[in-house]
Amino acid sequence: MLPKSNRLRAGADFNRITKSGVRINSQNLVIYAATGVGDQPQIGFIVNRSVGGSVTRHLVTRKLRHNFASHLSSLPNKTMLVVRVLKQQNDYTTEVAAAIEKVIVKLGAINQKANL
């Protein structure tokens with residue numbers, strides 16, 4: 001389970017990250033990434049009604065929280081992610097792992113450019 005301190009909740013943060021963050025696309029997910037001010041990575045989820053009813057959306061969110069919790073240690077501190085679910089799928093594990101790797105690479109490249 002994703003600890004509460006790692007959950008992104010503020011609507012203003014969601015807006016800022018989706019508008020100005022780096023975007024990583026995959027088949028069923030879009031991940032927006034930005035650097036924030038916290039000392040831990042934070043992750044928020046957007047699951048649209050097209051995925052299903054309320055019970056289905058909450059189930060998808062719980063599965064994603066579980067998948068992302070196992071990758072928290074690999075994310076750099078101050079990372080803020082917003083995960084948008086495009087389609088429902090039974091298992092997001094491989095897609096999440098690949099997306100996390102892309103996020104780390106893109107954020108690393110941006111930080112290197114900023115340091116130059």
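Colleague: Is Ile43 buried or exposed?
Modeller: Ile43 counts as buried, because its relative accessibility is 1%. Buried means under 20% relative accessible area, exposed means over 50%, and partly exposed is in between, with a 1.4 Å probe and protein chains only. This is a predicted model, where local features need pLDDT of at least 70 and side-chain atom pairs count only at pLDDT 80 or more, while totals for chains, interfaces and linings use all residues. Residues are numbered from 1 along each chain as its sequence is written, and side-chain values use heavy atoms, with hydrogens and water left out.

Colleague: Where is Ile43 found, and what does it touch?
Modeller: Ile43 is found in strand S3. Helices (H or I, at least four residues) and strands (E, at least two) are DSSP runs, numbered from the N terminus. Leaving out residues up to four places away in sequence, Ile43 touches Leu2, Asn6, Arg7, Leu8, Phe68, Leu72, Leu75, Leu81 and Val83. Contact here means heavy atoms within 4.5 Å.

Colleague: How far is Ile43 from Arg9 in space?
Modeller: The distance between Ile43 and Arg9 is 8.6 Å, C-alpha to C-alpha, and they are 34 residues apart in sequence.

Colleague: Which residues touch the most other members of the largest nonpolar core?
Modeller: Ile43, Leu64, Phe68 and Leu81 do, in a core of 24 residues. A nonpolar core is a set of buried Ala, Val, Leu, Ile, Met, Phe, Trp, Tyr and Cys residues joined through side-chain atoms within 4.5 Å.

Colleague: Which helices and strands supply at least two residues of this core each?
Modeller: Strands S1 (22-25), S2 (29-35), S3 (42-47) and S4 (79-85) do, and so do helices H2 (54-69) and H3 (93-115). H3 gives the most to this core, with five residues. Apart from it lies another core of eight residues, including Phe14, Ile17, Tyr32 and Val82.

Colleague: What is Leu64 in contact with, leaving aside neighbours within four places in sequence?
Modeller: Leu29, Phe45, Val83, Val85, Tyr92 and Val96 are in contact with Leu64.

Colleague: And Val103, where does it lie?
Modeller: Val103 lies in helix H3, and it is buried, because its relative accessible area is 1%. Not counting residues up to four places away in sequence, Val103 touches Ile24, Ile31, Ala33, Leu75 and Leu81. Its C-alpha atom is separated by 17 Å from that of Phe14, which is 89 residues apart from it along the chain.

Colleague: Now H1. Which residues in it are buried?
Modeller: In H1 (residues 11-20), Phe14, Ile17 and Thr18 are buried. They lie on the same side of H1, because they cover an arc of only 95° around the axis. That arc is taken from the directions from the helix axis to the C-beta atoms. Ala12, Lys19 and Ser20 are exposed on the other side of H1.

Colleague: What do the buried residues of H1 pack against?
Modeller: They pack against S2, S3 and S4. Thr18 touches Tyr32, Ile46, Val82 and Arg84, not counting residues up to four places away in sequence.

Colleague: Which backbone oxygens does the side chain of Thr18 reach?
Modeller: It reaches the backbone oxygen of Phe14 at 2.9 Å and the backbone oxygen of Asn15 at 3.2 Å.

Colleague: What about Asn6, buried or exposed?
Modeller: Asn6 counts as buried, because its relative accessibility is 6%. Asn6 is found in the segment before H1. A polar contact of 3.2 Å joins its side chain to that of Gln40. A polar contact is a pair of N or O atoms within 3.5 Å; within protein, one must be able to donate a hydrogen and the other to accept it, and residues adjacent in sequence count only if both atoms are side-chain atoms.

Colleague: Which loop is Lys78 found in?
Modeller: Lys78 is in the loop between H2 and S4. Its phi is near 70°, a positive value in a residue other than glycine. Lys78 counts as partly exposed, because its relative accessibility is 45%.

Colleague: Last topic, the whole protein. What pattern does it follow along the sequence?
Modeller: The pattern is α-β-β-β-α-β-α, with three helices and four strands. Of the 116 residues, 38% count as buried.
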